[in-house]
Amino acid sequence: MFRSFELDKMLYVHPTFLGCWYRDAYSTARHLLQAQLVGHVLKDIGLVVIIVRVKNITPGNFDPSDGGVFARVRFICYAFSPALNSILKGKVDSIHPDRLTVSCLGLPVVTIPRTLFPAETVYHPEKKSFVWAKKAPLYFEIKQDDEVKFTVAELTYDSGRPIALLDIRTDQPKTEAAAMTVVGDIHSTSMGPTHWWSTNASKSPQSPSLQDSVALLNQNEIDFISFMQKLRVQSRC
């Protein structure tokens, strides 16, 4: 889910940006934070999507080594962290005998272990695909680049570490990036490749029509792309 956070960080402003800083410190701080934090995962917060606004700036000291300045900045950001049992949609990146990996709109790689597939699923090494033989002779195939829906079964963060590319210096622990581990589950009804449940699917072994599952498919639909576009529009205001 998307949530807003109010964070407090010590920001280092390089001499290159001091002209902009003295003209409009709030706008400059927001753009620096946007460039440094958006797209990174922060421990126990999630994937930073946008810096909404800077609420307060407390001036700090000059850095005698290069003339830059420190300032403590309080700001509001939006971050995405999937809730347990929420439904997400992504694309199959790779297929392995024991798992799928799925890309999902900016999140770190999502892993779906074979133990969380439908029970009748079999791996076909010659095709490098999985087949769910639910109703013989029909079968349901999972192929690379398939769009898949899954529920979030597990979400964990590793211990935070400094973000190497950031030019943030601080008298507190550095801004920390973390790795987010997301485990997906496709064993439930209406989960898995979306073509399994599509009304437009042909009655072929690869994609049989299952019209009784359409209602389930349409429940709890999350349009991430639309949401991200709205946030980006807001960020330009």
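Author: Two strands are said to pair if DSSP finds at least two bridges between them. The model is a predicted one, and in it the bridge partner of Val 131 in E10 is Glu 141.

Reader: What makes strand E9 and E10 a pair?

Author: Strand E9, residues 129–132, and E10 share three bridges in the antiparallel sense.

Reader: What is the order of the strands in the open sheet, and which are the edge strands?

Author: The order is E8-E9-E10, with antiparallel pairing. Strand E8 (121–124) and strand E10 (140–142) are the edge strands, because each pairs on one side only. From one strand to the next, the twist averages 25°.

Reader: Why is the pair of Phe 117 and Phe 130 called edge-to-face?

Author: The ring centres of Phe 117 and Phe 130 lie 4.8 Å apart, and their planes stand at 80°. Centres within 6.5 Å make a pair, and planes over 60 degrees apart count as edge-to-face, so both conditions hold. Phe 117 belongs to the loop between strand E7 (110–113) and E8, whereas Phe 130 is in strand E9; the two are 13 residues apart. Together with Tyr 123, Phe 117 and Phe 130 form one aromatic cluster, and the structure holds five aromatic pairs.

Reader: How do you know whether Phe 117 and Phe 130 are buried or exposed?

Author: Phe 117 has 5% relative accessibility and Phe 130 has 0%. Buried means under 20%, so both residues count as buried.

Reader: What makes the pair of Trp 132 and Trp 196 tilted?

Author: For Trp 132 and Trp 196, the distance is 5.0 Å centre to centre, with 35° between the planes. Trp 132 lies in strand E9 and Trp 196 in the loop between strand E15 (192–193) and helix H3 (214–218), so the pair ties together parts that are 64 residues apart in sequence. Both Trp 132 and Trp 196 are buried.

Reader: Why does Val 152 count as buried?

Author: Val 152, found in strand E11 (residues 147–157), has 0% relative accessibility, and the limit is under 20%, so the residue counts as buried. Beyond its neighbours within four places in sequence, Val 152 is in contact with several residues, among them Pro 82, Leu 84, Leu 88 and Val 183.

Technical notes. Residues are numbered from 1 along each chain as its sequence is written. This is a predicted model: local features need pLDDT of at least 70, side-chain atom pairs count only at pLDDT 80 or more; totals for chains, interfaces and linings use all residues. Side-chain values use heavy atoms; hydrogens and water are left out. Helices (H or I, at least four residues) and strands (E, at least two) are DSSP runs, numbered from the N terminus. Axes are lines fitted to C-alpha atoms, for helices over the stretch in contact, and angles run from 0 to 180 degrees between N-to-C directions. Rings of Phe, Tyr and Trp (its six-membered ring) pair if their centres lie within 6.5 Å; planes under 30 degrees apart count as stacked, over 60 as edge-to-face and the rest as tilted. Buried means under 20% relative accessible area, exposed over 50%, partly exposed in between (1.4 Å probe, protein chains only). Contact means heavy atoms within 4.5 Å.
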